[in-house]
Amino acid sequence: MTALASDPAVTLDAVTRRYGETTAVEDLSLSVADGEFFSLVGPSGCGKTTTLRLIAGFEEPTGGTVIFNGEDVAGVPPEDRNVGVVFQNYALFPHMTVGENVAYGLNFADPPGGASDDQRVAELLELVDLPGTQSRDPRSLSGGQRQRVAMARALAPGPDVLLLDEPMSALDAKLRERLRVQVREIQQELGITTVYVTHDQEEALAVSDRVAVINEGTAEQVAPPRDIYHRPASRFVAEFVGDNNVFDGEVRAVTDDTAIVGIGEERISVGISDREGPAVSVGDRLTFCVRPEVLTVPGRSNRVTATVESAEFLGETTRVHLDWADHDLTVRTRDALDGDVTLGFDPEDVHVVERRN
Ligand code: ATP
């Protein structure tokens, strides 16, 4: 097969990886475009790390194909895949200086672009915003700085693909937020195809061009962050990504742009005009979601009266937990809510997640 410019940088075609009775990755298909920042997000044990290891070549699939630029890479060892890998736990060599650690990443190969090793190390430390730290002992650096050295080392030989496995999970929240911005900036500056593994859905939304939400070894949705958040394709995605109110109900009536859905005695108007897929009909069962931040005091078409049960003050907003006709309801608001409150939302703010008939 000849590689075409239009071939995705990395493709997984129906990839499965079993360990005895355990299926870590199951029939997973996805493509990462050249230069894309692509994240794998999902709960612990869903198969993210295994997927990354299959791309890196540390593991071989038990079924399906891993393809780089149109070429099947079965049997190609990690060192010949031209990937740079950054792990969760820095893995810097403590007996080497920062500069030696980065130079080690060159794997005794000549640096790209005809630079000397020293020039290349200086250039990489500049890139990760640690200029002039060549002679430092890595143990004298903060966690965030060490992780940036690990990135410089992974980038040293000029890999085609950068693979990052939970690179920030050992860092505190503030540092993680800063580092994720830096990682994105470095990725943009180099235009390097990046596959990023995280269990932190907010992190994935913040940095990625596209996100794959993984559940039990398979992708439930692959889409840009805004679609993942506003148009979740399954109940799992709706519940995993951000706070959400997810309900099941039965369609009682349909107009051009709205379905009236019954949940017990309650009725909710659900917008269906921008829905893709089969038309919604009376009698269908719908799973739909309403984000906590769209529920506000009335003036909207849908009104629900609910009772405040508890509240968490988060600074910018308060997350309020309510009981609505024996359903849990979460609201994000700046208003002080107490006792029985009537909340409103528009049909267009309701997203249909699943439909069954
Ligand atoms: P985490 O976020 O906790 O790191 P993950 O999504 O990265 O989880 P994986 O590490 O890919 O998940 O593991 C997926 C499943 O495969 C788990 O059930 C795990 O126990 C199993 N697994 C992974 N590697 C092996 C192995 N070498 N031998 C046996 N089982 C394995």
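This is a predicted model: local features need pLDDT of at least 70, side-chain atom pairs count only at pLDDT 80 or more; totals for chains, interfaces and linings use all residues.

Q: OK, which residues surround the ligand?

A: Tyr19, Thr22, Ala24, Pro43, Ser44, Gly45, Cys46, Gly47, Lys48, Thr49, Thr50 and Glu166.

Q: How does that shell divide into nonpolar, polar and charged?

A: Four nonpolar, six polar and two charged.

Q: And which element gives the most to the shell?

A: That's H1, with three residues. Helix H1 covers 48-56, and strand E2 (22-32) also supplies at least two residues of the shell.

Q: What are the distances from ligand oxygen atoms to Thr50, Thr49 and Gly47?

A: For Thr50, a polar side-chain atom sits 2.5 Å from an oxygen atom of the ligand. With Thr49, an N or O atom in the side chain is 2.8 Å from a ligand oxygen. Gly47 uses its backbone instead: a polar atom there is 3.0 Å from an oxygen of the ligand.

Q: How much of the ligand's accessible area does the protein cover?

A: 58% of the 630 Å² that the ligand has on its own.

Q: What share of residues is buried?

A: 47% of the 357 residues. The chain exposes about 17000 Å², with carbon and sulfur atoms supplying 45% of that.

Q: And what about contacts across the sequence?

A: Taking contacts between residues at least 6 apart in sequence, 66% join residues at least 24 apart.

How values were computed:
Residues are numbered from 1 along each chain as its sequence is written. Side-chain values use heavy atoms; hydrogens and water are left out. A residue is near a molecule or strand if one of its heavy atoms lies within 4 Å of it. A polar contact is a pair of N or O atoms within 3.5 Å; within protein, one must be able to donate a hydrogen and the other to accept it, and residues adjacent in sequence count only if both atoms are side-chain atoms. Accessible areas come from the Shrake-Rupley method with a 1.4 Å probe; for residues, only the protein chains shown count as cover. Helices (H or I, at least four residues) and strands (E, at least two) are DSSP runs, numbered from the N terminus. Ala, Val, Leu, Ile, Met, Phe, Trp, Tyr, Cys and Pro count as nonpolar, Asp, Glu, Lys and Arg as charged, and the others, Gly among them, as polar. Buried means under 20% relative accessible area, exposed over 50%, partly exposed in between (1.4 Å probe, protein chains only). Contact means heavy atoms within 4.5 Å.
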